Amino acid sequence: MSKKNTATSSQAQLMDKIVSLCKRRGFIFQSSEIYGGINACWDYGPLGVELKNNIKQAWWRAMVYERDDIEGLDAAILMHPKVWEASGHVENFTDPLVDCKSCKLRFRADQIPEENLKLKKCPECGGELTEPRRFNLMFKTFMGPVEDEAHVVYLRPETAQGIYVNFENVYISMRRKIPFGIAQIGKAFRNEITPGNFIFRTREFEQMEMQYFVRPGTDMEWFEKWREERFKWYLRIGIKPEKLRFHQHGPDELAHYASAAYDIQFEFPFGWQELEGIHNRTDYDLSRHQQFSGKDLSYYDDEIGQKYIPYIVETSAGCDRTLLAVLVNAYDEEDTGKEIRTVLRLHPFLAPIKAAVLPLVNRENMPEIAFEIYKSLKPHFKVFYDDSGSIGRRYRRQDEIGTPFCFTVDSQTLQDGTVTVRDRDTMKQERIHKDEILNFLKEKITF
Ligand code: GAP
């Protein structure tokens, strides 16, 4: 096998290992599994929901709580259908689709070799391909009991529009002045032609978006600031710098609303792929909403005594993709000399469980003391009590799900009240008094 093939197959194995760990340890399950599953839909299990919530919290902290210039929002998924006409999604949010008349496989025309497209030849079976047709990615449904064109509504394909239509509500109610931003986390839906790579591209996913409203002429300056800021956030959640890079959009890649765009990409086992888009959306969105709603969305800037439609710089991250990147980044198999241990080296703030409390053996009052410690930590952190199996096996179980610390009650605890603290990454152990555990965790579990 060539070097390249070996690398590819080890990367494919890595994805398989992550998918398998996710299922085995309660991170991610296939949706509706007992019915055979539904394509490209995934459910977050008990540990997955913790990890996802922690990622969202890390984003919200950095984007809302730590700043003075950003407000939060949680807009409805269903919006007035005119929103999607104004946004350009009805007209432009399409992918070119081709079908194979023989094997019935479906492809995005821009993702198959040009030669196949020219010869109308299926890249899988060689059968005849249909002419490309434009396929709109928005999911349609009906509002109320009547299923006709007049009652069509869409599941939002991006959370951004909920922010634009609330621009005026937010700046007036919060007495904001430009520049300021609005942040939102929420579900988005796209009827993707080729979903795949586990949770990387799905039809239902979560976005973490922030729209920053600025004075025209300052937009490129803010665009540059935001792309640096957002890159730093990925480093802050522990992504290795060598796994991150920017990709600047060329003129043929720009979305219909953008005048400039960068992607932040991560090196997934299946290649470099987008995690987040930073876009200069100009005054496109507010102008279009002004035009379609008939409502004046201009802003009076009293600093310069001018009225204008604000420009928007957008940072748009995928929560599920970030979670996959976090898992890929954290997954490690370490040869301890005795065995290969699987360890998720997650940032402590992101780890689903912050600490496990373990009695060394199930006698001599150790379980009772350990359980008391566990109960005292529970109001503050997501912690876990485990008294089953050998201590080595219990440590391994915690390593595999990324728990940064294990506190073990042993015979010395009975004498002096100290416990061992085991560090997930180094496996080193030190002793601290059991009354210091809460402060120890408060110091270590920070963002
Ligand atoms: N409001 C701008 C916007 O939606 P986008 O580049 O289409 O821009 C932003 O999407 C982010 O949303 C992407 O970088 C990605 O992380 C996430 N995303 C988009 N489509 C997705 C899908 N089908 N599955 C999972 N995440 C997706």
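Reader: What makes Glu 364 partly exposed?

Author: Buried means under 20% relative accessible area, exposed means over 50%, and partly exposed is in between (1.4 Å probe, protein chains only). Glu 364 has a relative accessible area of 45%, so Glu 364 counts as partly exposed. Glu 364 sits in the loop between strand E19 (355–359) and helix H11 (366–377). Helices (H or I, at least four residues) and strands (E, at least two) are DSSP runs, numbered from the N terminus.

Reader: Before we go on, what kind of model is this?

Author: This is a predicted model, in which local features need pLDDT of at least 70 and side-chain atom pairs count only at pLDDT 80 or more, while totals for chains, interfaces and linings use all residues. Residues are numbered from 1 along each chain as its sequence is written, and side-chain values use heavy atoms, with hydrogens and water left out.

Reader: Is Thr 282 buried or exposed, and how do you know?

Author: Its relative accessibility is 17%. That is under the 20% limit, so Thr 282 counts as buried.

Reader: Which peptide bond is cis here?

Author: The bond from Ile 178 to Pro 179 is cis, with omega near 5°. Most peptide bonds are trans. Pro 179 lies in the loop between helix H7 (167–173) and strand E9 (180–189).

Reader: Why is the pair Glu 221 and Lys 225 called a salt bridge?

Author: The term asks for a side-chain nitrogen of Lys or Arg within 4 Å of a carboxyl oxygen of Asp or Glu. For Glu 221 and Lys 225 the N to O distance is 3.9 Å, so the pair meets the rule. Both residues lie in helix H8 (residues 219–236), four residues apart, about one turn of the helix. Glu 221 is partly exposed at 48%, and Lys 225 is partly exposed at 41%.

Reader: What salt bridges does Arg 341 form?

Author: Arg 341 pairs with Glu 334, where the closest N and O atoms are 2.7 Å apart, and with Asp 399, where they are 2.9 Å apart. Asp 399 lies in helix H12 (residues 391–401) and Arg 341 in strand E18 (residues 340–344), so this pair ties together parts that are 58 residues apart in sequence. Arg 341 is buried, with a relative accessible area of 1%, and Asp 399 is buried as well. Glu 334 counts as partly exposed at 23%. A network of salt bridges links these residues with others, including Arg 345, Arg 396 and Asp 425.

Reader: How many salt bridges does the whole structure have?

Author: A search of the whole structure finds 44.

Reader: Which domains does the chain have, and how do you know?

Author: The bounds come from an automatic or database domain assignment. It gives domain 1 (9–81 + 157–327) and domain 2 (353–445). Their C-alpha centres lie 37 Å apart.

Reader: What makes you say that the two domains are in contact?

Author: Contact means heavy atoms within 4.5 Å. By that rule, seven residues of domain 1 are in contact with six residues of domain 2. The buried area is about 550 Å², of which carbon and sulfur atoms give 53%; this is the accessible area (1.4 Å probe) that two parts lose on being put together, summed over both. Arg 25, Leu 47 and Glu 50 supply 63% of the area that domain 1 buries against domain 2, more than any other three residues.

Reader: How many salt bridges are there between the domains?

Author: The count between domain 1 and domain 2 is two.
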